[in-house]
Amino acid sequence: MSRRRRRRTESGSTGNWLTTYSDMVTLLLCFFVLLFAFSEVDAQKFRSILSSFRGGTGVFDGGTSLELLDFETAEQDEMKRELEELKELLEEYAGENGLGPEITLSIEERGLVIRFMDKVLFDSGKADLKPESIQILDSIGDILNSEELKEKLIKVEGHTDTDPIIYSSKFPTNWELSAIRATNVLRYLVEEKGIDGNRISSSGYSYHRPIAPNDTPENKQKNRRVDIVILKSIYEDMEPK
């Protein structure tokens, strides 16, 4: 009787050992698969993986989140340098072509922003390009088609102030006015300057993305604008393909 019990116990112990060993082998296999995947993953996929862990299982919450790799920091520094160089290039071009007073350039979260106040491109309450704006857009089109920018994605964005549209049957609200202004700028760049339609899009935001409070005539004038945004690489990945 005791011999049978001993054999049964030894058999159970052997099974437990094999289970533990197979689990360890499986974990090692997963580890090496991940190593191989990381060796070929691009920056955006790498960030997505990290985000899924942080937001999902919480594995990295309160602990080490692979910060020692300095992966994202190095890429962000490279993007910043690239945008600074593009900004200097555009400022030089704008100065040489007399565009300095007409546009402003700034580096923002999404990328490099070329900003036009509405009076530069349009008459008040209208969406047709002013004849004198054509030369400005010709210069901008040349810049966007330059060797340094020809692969970059572009967004054209229309903005208004909070004043309601009263005397126009073409634009019931500021939504239509901002969207059609942006679309007309896009169409000129695509149809007249040869910008590839696959790398440019337009949108209208009405008065919902102001850069100043809509409380004075001066601030309202700042908010009536068209922005051409040259997107950072990280935001290019978020655009529809």
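Predicted model: local features only at pLDDT ≥ 70, side-chain atom pairs only at ≥ 80, totals over all residues.

Reader: OK, so which residue does Arg110 form a salt bridge with?

Author: Glu157, with the closest N and O atoms 2.6 Å apart. Arg110 sits in the loop between β1 and β2 and Glu157 in strand β3, so the pair links distant parts of the chain, 47 residues apart.

Reader: And Glu157, buried or exposed?

Author: Glu157 counts as buried, because its relative accessibility is 2% and the cut-off for buried is under 20%.

Reader: What does Arg115 pair with?

Author: Arg115 forms a salt bridge with Asp227, and their closest N and O atoms are 2.7 Å apart. Arg115 is in strand β2 and Asp227 in strand β5, so this pair ties together parts that are 112 residues apart in sequence. Arg115 is buried at 12% relative accessible area, and Asp227 is buried too, at 2%.

Reader: What about Glu147 and Lys150, how far apart are the closest N and O atoms there?

Author: 3.0 Å, in a salt bridge between Glu147 and Lys150. Glu147 counts as exposed at 58% relative accessibility, while Lys150 is partly exposed at 36%.

Reader: Switching topic: in the largest nonpolar core, which residues touch the most other members?

Author: Ile114, Phe116, Leu144, Val185 and Ile228, out of 31 residues in that core. Elements giving two or more residues to this core include α3 (71-96), β2 (111-117), α5 (134-144) and β5 (225-231). Apart from it lies another core, of five residues, among them Val113, Val229, Leu231 and Tyr235.

Reader: What is Ile114 in contact with, leaving aside neighbours within four places in sequence?

Author: Its contacts include Leu90, Ile103, Leu105, Ile140, Val226, Asp227 and Ile228. Asp227 is also the salt-bridge partner of Arg115.

Reader: Last one, the largest pocket. What volume does it have?

Author: About 290 Å³. Of the 16 residues lining the largest pocket, Ser124, Gly125, Pro164, Ile165 and Leu177 are the closest to its centre.

Reader: Which element gives the largest share of that lining?

Author: Helix α6 (residues 174-191), with three residues. By class, the lining has five nonpolar, five polar and six charged residues.

Definitions and conventions:
Residues numbered from 1 in each chain as written. Heavy atoms only, no water. 1 Å grid on protein atoms, 1.4 Å probe; cavity = no way out; pocket = protein on both sides within 12 Å on 5 of 7 lines; lining within 4 Å. Points joined across faces, edges and corners; volume = space filled by probe spheres on them. Helix = DSSP H or I, 4+ residues; strand = E, 2+ residues; numbered from the N terminus. Nonpolar A, V, L, I, M, F, W, Y, C, P; charged D, E, K, R; others polar. Core = buried A, V, L, I, M, F, W, Y, C linked by side-chain atoms within 4.5 Å. Buried < 20%, exposed > 50% of the residue type's maximum accessible area, 1.4 Å probe, protein only. Contact = heavy atoms within 4.5 Å. Salt bridge = Lys/Arg side-chain N within 4 Å of Asp/Glu carboxyl O.
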